[in-house]
Amino acid sequence: MSPHPSTEHWDPAGEEVRRAVLGDDHVDRAVANTDDVTADYQDFITRYAWGGIWTRPGLERRERSIVTLSVLAALHHDGELAMHVRAARRNGLTREEIQEVLLQVGVYAGVPAANRAFAVAQRVLGEMDDD
């Protein structure tokens, strides 16, 4: 298999939402790094996470960002949290709304989870201010 398997079979709606939420640069890097080990996984997340869940009509993208930030912070998934802090800003959340989400995490998932999440958000939002 080539080092960069074709993404032509990926769910087009999922890829569209993934690009809208995460940005073309992020998705292009993921595609460029796709190989025979990760191709099926990239197809899976594009099809099911982005095409199956993020396209559903029940929640707006900004609401999905709130849920995603909460879960990632509570589970200490700092790398994904950083990516989704950026995504939340793209989806219209303000810095203050992100702060409120993380305060809520502190109450329901614990202070250590919120401490980690605030550190990630502070770093990412600071980087975004520099852009």
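1. D24 is partly exposed, with a relative accessible area of 44%. Buried means under 20% relative accessible area, exposed over 50%, and partly exposed lies in between (1.4 Å probe, protein chains only). The D24 side chain meets that of R19 in a salt bridge (3.2 Å, N to O). A salt bridge here is a side-chain nitrogen of Lys or Arg within 4 Å of a carboxyl oxygen of Asp or Glu.

2. A word on the model. It is predicted: local features need pLDDT of at least 70, side-chain atom pairs count only at pLDDT 80 or more, and totals for chains, interfaces and linings use all residues. Residues are numbered from 1 along each chain as its sequence is written, and side-chain values use heavy atoms, with hydrogens and water left out.

3. Nine salt bridges are counted by this rule. R86 and E127 form one of 2.7 Å, N to O. R86 lies in helix α5 and E127 in helix α7 (residues 111-130), so the pair ties together parts 41 residues apart in sequence. Helices are DSSP runs (H or I, at least four residues) and strands likewise (E, at least two), numbered from the N terminus. R86 is partly exposed at 32%, and E127 is partly exposed at 33%.

4. R95 and D129 also meet in a salt bridge (3.1 Å, N to O). R95 is in helix α6 (residues 95-109) and D129 in helix α7, so this pair links parts 34 residues apart in sequence. R95 is partly exposed, at 36%. D129 counts as exposed, at 52%. Elsewhere, shared partners join the salt bridges of E15, R19, D24 and D28 into one network.

5. Now the largest pocket. It holds about 560 Å³ of space. A pocket is an open set of points on a 1 Å grid over the protein atoms alone, with protein on both sides within 12 Å along at least five of seven lines; lining residues have an atom within 4 Å of a point. The volume is the space filled by probe spheres set on the points. Of the 23 lining residues, A49, W50, E80, M83 and H84 are closest to the pocket's centre. Helix α3 gives the most to the lining, with seven residues.

6. On the surface, L59, V67, V71 and L75 form a nonpolar patch with about 320 Å² of accessible area together. Patch residues have over 30% relative accessible area and no salt bridge; nonpolar side chains are joined within 5 Å, like charges within 9 Å. V71 sits in helix α4 (residues 61-74) and is partly exposed, at 44%.

Terms used
Accessible areas come from the Shrake-Rupley method with a 1.4 Å probe; for residues, only the protein chains shown count as cover. On a 1 Å grid over the protein atoms alone, a cavity is a set of points where a 1.4 Å probe fits but cannot get out, and a pocket is an open set with protein on both sides within 12 Å along at least five of seven lines; lining residues have an atom within 4 Å of a point.
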